[in-house]
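Hi there,

Here is the structure I promised to pass on. Could you have a look at it with the notes below beside you?

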Amino acid sequence: MPAATTTMPAATVPAATTEPTRIFVKVLGTTDPPAPVLVYQGCTRADLRATLCSVAKVAEPDSRVILALRKGDGALMPIGLQLPANSQEDPYELSVKIIGQDVPEQDNGSEFSPHRIAVLDAQLTAVSKAMDPIRDLHGLQAKVAAFQKRLELAEKNLIMTQYKAPKPSMRVLKRLTKVEPIFADQPKYIFTPDTVAYLKQTQFNNWQWEDNEMAALIEHMFIELGLVARFKMDLATLKRFLHTIKDAYNANPFHNFRHCFCVTQMFYGMLNECDLVTKLDPIEMLIGLVSCIIHDVDHPGFNNAYQVNARTELAIIYNDQSPLENHHCAVGFRILRSPKCNIFAQLSNKEYEHVRKGIVRCVLSTDLTKHGEIMTKFKATAENFKFADVEHKAQLLVMMVKCADISNEARPADVAEPWLDCLLEEYFAQSDREKLVGLPVAPFMDRDKVTKPGAQIGFIQFVLVPLFENLGSVLPQLHVNVISQIKKSLAYYQDLGEKLKAATAAAAAAAAAGPATAVGTAERAAPAPQKASA
Ligand SMILES: Nc1nc2c(ncn2[C@@H]2O[C@H](COP(=O)(O)O)[C@@H](O)[C@H]2O)c(=O)[nH]1
Ligand SMILES: [Mg+2]
Ligand SMILES: [Zn+2]
């Protein structure tokens, strides 16, 4: 006999305007038949959670209750109002975990039972929450170091202190609809001539700056390149655009606003060091700069492979085709479309179309699966490169944005190495999650397989050096600071790799000789070589 239909709480059912969606939900670990649930348009996600809890006979939902809804094929379904209707024969499977409870009887004992996964998921969430202060500590250490550096620079009069506005500064909220006005008396940053000259160098140290300062430095680039004047940008709009973008970057270990700043600054550094400011049109510099700024906006911290394998919303929306890069582009242009952030407001239609086309091309080109194709095309173009050729310059911009995106190892060692730690932290968080939910794990992301030299040697040898040398065939000035630094980095990691190999062999020999003599891991036993700096 079919179970009685569960409907949403009466108070949340709107005055029947649209037919509700009927879904069937089977509670895992019970013998109850699939329960029909009516999902009304207008109800909230919280209502839906409450209803699912009542179907599973769990008391009031709170943050300790973890619900996981899967289709029959195992795909996780977001518990939201767009759940497609299904049938009693093919119901959604609902697993419930209450944090703090042991694995109950309904666990079928299998390591990968949906219930066990829900339990592990809940534990991971709890552990992750508990880790927050530790992550903060990591961030705090970097902040303290940055602050010390600022003090040193201030003492040397290299930077001027921030002008404090008499009114409290306005907070720019995360979502576009809440963009707040920027007033003329907002905190202003006045950078010394030394700082603005330093900003033009590819060897710039990003770690000394807070987020607001980095936004102000990017604002400075627009002004200094003449883009504000040429495209009649309203300065308050430019500030709001930059702050809205800043807030739309997530606090990931790697894909965060600081990465956005580094990429943008490397692009600006290359423009200057390679004499491109006079060779490119303002509109081309605008395309490159804005591409860098939006290129990873709202990155979720999980890469394209994860998006596809976990069948996430982004993978569905973009049909597995560069879901992240498509998303960054869409979010960027959505922000730009808002009148309060539209730095393109004064562009003619023709100019806007050119800019949009160029930016979309550059951002989509940052998907490394397109790397080979772009390299081959540019190699052919570079043989007879002409600054008078618009398509040649469009390809140059693509290459410059790609280079800037992966340019950490082109910076001095003390700037580059912390970025590798950030990247690995993000990789490991992804692979830990993949292991937990049974998704494929890429070896280069697996904490049990990755070493720093292992991560860098191949990447530098087979991606970075060929990429920068390809661009360097058109921009030979890149050899002076950038390509030479990349090669120093390669030598450093090759040296570290050798030392690690020797230490691993020594540790294995010691272990074979008897457990008492095997001390520490190979990595700990390896003497840390000094990394060559610029
Ligand atoms: N092994 C390394 N991989 C790197 C490094 N820098 C970047 N990357 C990889 O490239 C992509 C760049 O694209 P993004 O738009 O996601 O930033 C990044 O995700 C890494 O996978 C590096 O130094 N070493
Ligand atoms: Mg990206
Ligand atoms: Zn990036």
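Let me begin with Val 441, which you will find in the loop that runs between helix 15 and helix 16. Please keep in mind that this is a predicted model. Is Val 441 buried, exposed or partly exposed? Its relative accessible area is 28%, so Val 441 is partly exposed, given that the middle class lies between the 20% and 50% limits. Along the chain, Val 441 and Ser 431 are 10 residues apart, and their C-alpha atoms are separated by 5.7 Å.

Helix 15 covers residues 413-437 and helix 16 covers 452-472, and each of them supplies at least two residues of the shell around ligand 1. Which element gives the largest share of that shell? That is helix 16, with 3 residues.

- the histidines His 255, His 259 and His 295
- the aspartates Asp 296 and Asp 405
- Leu 368, Ile 406, Leu 423 and Ala 455
- Tyr 427, Gln 456 and Phe 459

By type, the shell around ligand 1 divides into 6 nonpolar, 4 polar and 2 charged residues.

In Tyr 427, a polar side-chain atom lies 2.7 Å from an oxygen atom of ligand 1. For Asp 405, a polar side-chain atom is found 2.9 Å from an oxygen atom of the ligand. How much of the accessible area of ligand 1 does the protein cover? On its own, ligand 1 has 490 Å² of accessible area, and the protein covers 87% of this. As for its site, ligand 1 sits in the second largest pocket.

Asp 275 is not a glycine, yet its phi is positive, at about 55°. Its place is the loop between helix 7 (257-273) and helix 8 (282-294). With 45% relative accessibility, Asp 275 counts as partly exposed. Arg 311 also has a positive phi, near 50°, and is likewise a residue other than glycine. You will find Arg 311 in the loop that links helix 9 (304-309) to helix 10. Arg 311 is partly exposed, at 46% relative accessibility.

Helix 10 itself, residues 313-317, holds Ala 315. Why does Ala 315 count as buried? Its relative accessible area is 2%, and buried means under 20%. Between Ala 315 and Asn 304 there are 8.0 Å from C-alpha to C-alpha, with the two residues 11 apart in sequence.

Another alanine, Ala 330, belongs to helix 11 (residues 323-337). Ala 330 counts as partly exposed, since its relative accessibility is 25%. In sequence, Ala 330 is 33 residues from Val 297, while in space their C-alpha atoms are 9.4 Å apart.

Finally, please look at Ser 484 in helix 17, which spans residues 478-513. Where does the side chain of Ser 484 reach? It comes to 2.8 Å from the backbone oxygen of Val 480. Ser 484 is partly exposed, with a relative accessibility of 29%.

Happy browsing, and do write back with any thoughts.

Best wishes

Key. Residues numbered from 1 in each chain as written. Chains lettered and ligands numbered in written order. Predicted model: local features only at pLDDT ≥ 70, side-chain atom pairs only at ≥ 80, totals over all residues. Heavy atoms only, no water. Near = heavy atom within 4 Å. Polar contact = N/O pair within 3.5 Å; in protein donor to acceptor, adjacent residues only side chain to side chain. Areas by Shrake-Rupley, 256 points an atom, 1.4 Å probe, with all protein chains shown as cover. 1 Å grid on protein atoms, 1.4 Å probe; cavity = no way out; pocket = protein on both sides within 12 Å on 5 of 7 lines; lining within 4 Å. Sits in = over half its atoms within 2 Å of the grid points. Helix = DSSP H or I, 4+ residues; strand = E, 2+ residues; numbered from the N terminus. Nonpolar A, V, L, I, M, F, W, Y, C, P; charged D, E, K, R; others polar. Buried < 20%, exposed > 50% of the residue type's maximum accessible area, 1.4 Å probe, protein only.
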